[in-house]
Amino acid sequence: MGFTDRLSAFAAVSFLLIVIPGPSVLFVVGRALAQGRRAALTTVVGNTLGAYVLVAGVALGVGTVVERSVLVFTVLKLAGAGYLVYLGVKAVRQRKSLLSAVADGGPGGQGSARTLWEGFAVGVANPKTIVFFAAVLPQFVDRGAGHVVLQMLLLGLVFNVIALVCDSVWGLAAATARGWFARSPRRLGAVGGVGGLAMIGLGVAVAATGRKD
């Protein structure tokens with residue numbers, strides 16, 4: 001099987017993984033409900049950049065260490081889970097700022113740079129993506145064709161383009177639902193709290209699942 005066939009097969013596998021909501025998707029949805037379309041799309045970009053750092057890490061050999069070391073994997077998983085819980089608690093505490101933003105006619109949330117960074121942090125600590133890149137990505141490389149690192153980077157780029165599109169669709173859909181809630185400041189405050197609680201629950205789920213070996 002040539003590299004083109006491998007690329008197509010990898011794209012299909014990637015799509016199946018991406019369309020099933022994981023930590024990144026649920027985080028984007030929570031952001032969309034709490035802060036709106038712009039924050040959601042900025043988070044998607046941050047997530048994508050973070051995921052591509054994982055691709056580069058696997059291509060350069062870091063993925064092998066993560067896959068073989070339970071300790072390293074667990075540390076990354078718990079770091080990502082803790083960060084999600086922290087962001088969820090913050091979202092719940094900031095419900096009043098969402099109400100004020102609607103009353104003033106301005107956008108809620110925080111600066112784009114910080115939103116981008118938080119999306120990046122979640123993306124780079126996503127255990128689902130770490131395992132996928134470490135265990136699956138190398139299997140689609142045609143080692144006989146050479147340029148293994150370049151092949152991995154290209155495969156990872158395909159994954160991230162698919163993720164960028166799919167996650168953006170999730171974010172836009174959630175932001176549209178938020179618009180309905182925004183017609184009532186009280187509803188928006190409630191959905192901001194729900195989005196925060198969802199992130200907290202997601203963080204707990206991420207911490208409780210994964211490798212047991």
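The model is predicted, so local features need pLDDT of at least 70, side-chain atom pairs count only at pLDDT 80 or more, and totals for chains, interfaces and linings use all residues. Residues are numbered from 1 along each chain as its sequence is written, and side-chain values use heavy atoms, with hydrogens and water left out.

Colleague: Is asparagine 160 buried or exposed?
Modeller: Buried means under 20% relative accessible area, exposed over 50% and partly exposed in between (1.4 Å probe, protein chains only). Asparagine 160 has 4% relative accessibility, and therefore counts as buried.

Colleague: Which residues is asparagine 160 in contact with, leaving aside its neighbours within four places in sequence?
Modeller: Contact means heavy atoms within 4.5 Å. With those neighbours left aside, the residues in contact with asparagine 160 are Thr48, Ala51, Tyr52, Val55 and Phe133.

Colleague: How is the pair of phenylalanine 133 and phenylalanine 159 classed?
Modeller: Rings of Phe, Tyr and Trp (its six-membered ring) pair if their centres lie within 6.5 Å; planes under 30 degrees apart count as stacked, over 60 as edge-to-face and the rest as tilted. By this rule there are 2 aromatic pairs; in one, tryptophan 117 and phenylalanine 120 are stacked, at 5.6 Å centre to centre and 25° between the planes. The ring centres of phenylalanine 133 and phenylalanine 159 are 4.8 Å apart with planes at 70°, so this pair is edge-to-face.
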